[in-house]
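Good morning, and thank you for joining.

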Amino acid sequence: MPVKLADRSVPFTVLGVGVAFALVALPAPDRNDGEIAGAAVLGVSLVALSFCWRRIPRTTQLVVPLGYLALAALLRLSDGGAASGFGGLYFLPILWLALSGDRRELLIGLVALTLVEIVPIIAIGAPRYPVDSWRPGVVRVSVATIIGFTIQQLLAETRARARDATRWSQRLESLNEVGNALATETKLQPLLALVAARLRELLGARVVAVLLPDGPHKLRFAAVAGADGHALVGTKVSRDGTRSGLALDRSRSERAASGPGEPPIDADFGGRASLWVPLVVRDRSIGVISVHDKVDGDGPDFSDDDLRLAETFASRAAVAVDLSERVARDSLQRVVEAQEIERQRLARELHDQTGQTLTSIMLGLKAVEERLPDDPTRGAVAALGQQVASAMQDVRRIALELRPKVLDDYGLVSALERLTRTFSARTGIPVDLEARLSRDERLPAEIETALYRIVQEGLTNIAKHADPTRASVLVTPKNGSVVLVVEDNGNGFDPAAAHEEGLGIDGMRERVALLEGRLTIESGKEAGTTLVVEVPVN
Amino acid sequence: MIRVLIVDDHAVVRAGLALLLGGEPDMEAVGEAGSVDEAIAQAAALAPDLVLLDLTMPGKTGLKAMPGLLRENPQLKVLILSMEDDPRYVREAFAAGARGYLLKEAAANEVVGAIREVAAGGRYVHPELGARLIDTEPDAEKVRVDPLSDREREVLALLALGHTNHEIAKQLFISVRTAEAHRAHIMKKLNLGTRAELVRYAHAQDLPGG
């Protein structure tokens with residue numbers, strides 16, 4: 001790999017120029033004082049130039065050796081073709097160009113040199129100096145070129161090794177850092193940010209992002225390093241039809257090379273060369289790391305090595321995401337359980353305590369009423385009794401909404417029969433319930449509760465938004481799992497649109513995820529809505 | 001004179017009922033019990049004609065107590081007085097041997113009449129509950145001649161298993177539109193309106209998944 005004078009190896013370059021200069025210039029016995037002085041001045045000025053070299057544009061840099069060659073040609077023409085002054089040191093610019101590592105520029109130099117040799121001959125005839133004296137010149141040029149190349153190769157190799165060593169130690173350090181963070185950092189966000197930042201450093205990428213699924217059709221930026229990416233954190237992109245989504249769905253890394261034929265990959269990044277690496281835990285993809293644009297490294301594309309490194313980081317990140325999901329799931333589960341217990345307690349309290357108290361008041365009022373003579377007071381007491389009776393109905397309705405006792409006593413099917421009947425009576429929407437479980441078949445309590453709540457929520461949505469002529473609820477067993485379908489023939493909506501959020505679908509999805517089930521929604525404008533939940537029953 | 005034993009875990013309710021019954025010339029509250037065990041003991045000691053029984057009580061429920069009560073006192077008539085209005089409880093109560101079912105909110109106006117009816121050997125259900133009971137009786141399966149094509153039967157079987165149109169399309173290697181069309185045809189041919197009806201039909205036809 002070429003090392004350019006323009007990069008960070010200035011001290012090495014200076015050393016190389018000096019050594020080459022000493023080797024080639026010093027042992028020449030036929031050189032006059034003028035030549036040596038000129039060479040010394042040139043050498044010193046070159047070394048001085050090297051220090052500020054990086055700040056000079058490349059085209060300006062070329063002026064130095066080419067200008068020198070032009071000067072040499074002029075000198076030769078002016079003294080009638082004699083190799084005098086520092087015209088004899090024309091090997092120096094060639095050495096310079098050889099060291100620069102750019103073959104094209106070296107070629108330009110050699111052509112220029114040839115012209116410097118040939119133009120004076122054409123202009124003023126054959127040189128007057130002895131025939132064999134051209135040899136030292138050629139030898140000097142050749143030696144200078146060879147030495148220049150050799151030094152440059154040595155420098156390149158040393159630098160490459162140093163870089164490899166640095167890179168490996170950086171990798172180890174970063175992996176170690178990520179490993180430590182995994183053990184100590186409890187929040188997911190900083191951890192993923194660290195993974196993205198370190199991976200970006202190691203790969204020399206412009207931007208690295210960690211994307212996690214958000215619903216079935218979207219991916220959310222959980223962490224972004226580089227390219228002002230932090231502003232993207234929390235925003236969502238489509239999962240369908242993107243390379244990120246593809247890597248996630250296939251649980252396989254994807255790579256795109258740079259090149260003029262490749263369209264920009266991601267509207268957000270405009271990236272060309274890219275990697276997409278899935279976060280895989282227990283054969284399940286739970287996220288994806290996307291890496292875009294190699295800006296610092298050996299070439300414009302990501303190597304196999306880069307891909308492996310990204311995969312190593314992805315496996316670390318996967319562990320973290322999985323852990324945090326499980327923690328979140330546990331706490332959600334506790335919240336859901338606590339909520340159900342509280343609802344159950346309230347429902348019982350209302351039903352048993354408040355209900356009984358109202359019963360006794362009503363009975364008492366009835367007894368009073370019967371002992372009263374037939375006058376307005378008696379009517380008033382009767383009316384009070386009616387009010388108490390209606391209060392009892394309210395209490396029962398509230399208790400039922402909180403948690404129907406029949407769900408605990410007789411299970412899902414009986415509870416759904418009750419729910420759909422009450423719903424139809426209240427909304428006027430006929431609901432056809434079909435349960436392919438037997439009436440007394442009991443499922444695990446948490447599944448019964450979850451499915452009941454989902455039907456409750458689904459029917460509420462139907463009443464609020466769908467405006468259907470009919471709805472149906474189906475519960476059916478299916479190879480080791482239970483399937484629930486809530487369907488209507490109403491308005492429908494676009495499930496991919498953000499509309500979902502108001503429908504409590506996230507809540508349903510979470511409930512289903514707790515049971516390791518899946519929830520599918522199929523809907524379209526004027527096409528009704530089908531909500532399918534499948535939950536494994538162990 | 002109808003001799004009534006009142007079983008309810010709430011003393012205020014028992015008192016209210018006793019008061020109400022006390023106003024009637026042809027009935028008498030002979031005893032009260034706050035739990036199932038107490039009720040069994042009282043029934044044995046007092047030999048009442050009728051037990052006014054609450055379903056929901058701490059410990060053993062009224063429902064579970066009934067078979068024991070009736071075994072010991074075969075002549076005893078049980079009238080349930082409960083907050084539960086779910087048909088499921090009504091059905092279970094009658095299955096366990098109750099002769100009547102009364103909602104607490106209707107107790108004030110109906111309890112006296114219900115006691116007379118049941119004591120006379122009749123049955124009593126709160127009118128609204130009776131209607132609901134009939135509603136929830138499972139329909140007799142109507143098996144029809146199957147007018148469906150093989151493809152439609154496949155679609156029907158998948159619908160019955162709870163698959164979405166997309167899934168059906170994928171599984172049968174057809175487009176979503178085609179799957180939707182199949183479904184619409186099936187519904188039209190069978191004159192059915194909902195998935196639940198489709199499932200019921202599939203089941204009656206012994207289709208897989210039905």
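What percentage of the 538 residues in chain A do buried residues make up? The figure is 39%, where a residue counts as buried if 20 or more other C-beta atoms, placed from the backbone, lie within 10 Å of its own, as exposed if 12 or fewer do, and as partly exposed in between.

Some conventions come next. This is a predicted model, in which local features need pLDDT of at least 70 and side-chain atom pairs count only at pLDDT 80 or more, while totals for chains, interfaces and linings use all residues. Residues are numbered from 1 along each chain as its sequence is written, and chains are lettered from A and ligands numbered from 1 in the order in which they are written.

Chain A has 14 helices and 11 strands; these are DSSP runs, H or I of at least four residues for helices and E of at least two for strands, numbered from the N terminus. Of the contacts in chain A between residues at least 6 apart in sequence, 66% join residues at least 24 apart, a contact being two C-beta atoms, placed from the backbone, within 7 Å.

Let us look at a sheet. In chain A, 5 strands form an open, mixed sheet in the order S7-S8-S9-S11-S10; strands pair if DSSP finds at least two bridges between them. Strand S7 (431–435) and strand S10 (518–523) of chain A are its edges, each pairing on one side only. Within it, S8 (471–478) and S9 (481–488) of chain A pair in the antiparallel sense over 8 bridges, and A:Leu474 stands opposite A:Val485 in S9(A). Helix H13 (445–466) of chain A packs on this sheet, touching S7, S8, S9 and S11 (529–536) of chain A.

Now to the contact between the chains. Chain A gives 43 residues and chain B 34 residues. On the side of chain A that touches chain B, helix H9 (304–371) of chain A supplies the largest share, 14 residues.

Finally, consider helix H3 (62–72) of chain B. Its buried residues are B:Gly62, B:Leu63, B:Ala65, B:Met66 and B:Leu69. Seen down the axis of H3(B), they fall within an arc of 140 degrees, so they line one face of the helix; the arc is that of the directions from the helix axis to the C-beta atoms. Exposed residues B:Pro67 and B:Arg71 sit on the face of H3(B) turned away from the buried side. The cover over the buried residues of H3(B) includes helices H2 (36–46) and H4 (87–95) of chain B.

Key
Axes are lines fitted to C-alpha atoms, for helices over the stretch in contact, and angles run from 0 to 180 degrees between N-to-C directions.
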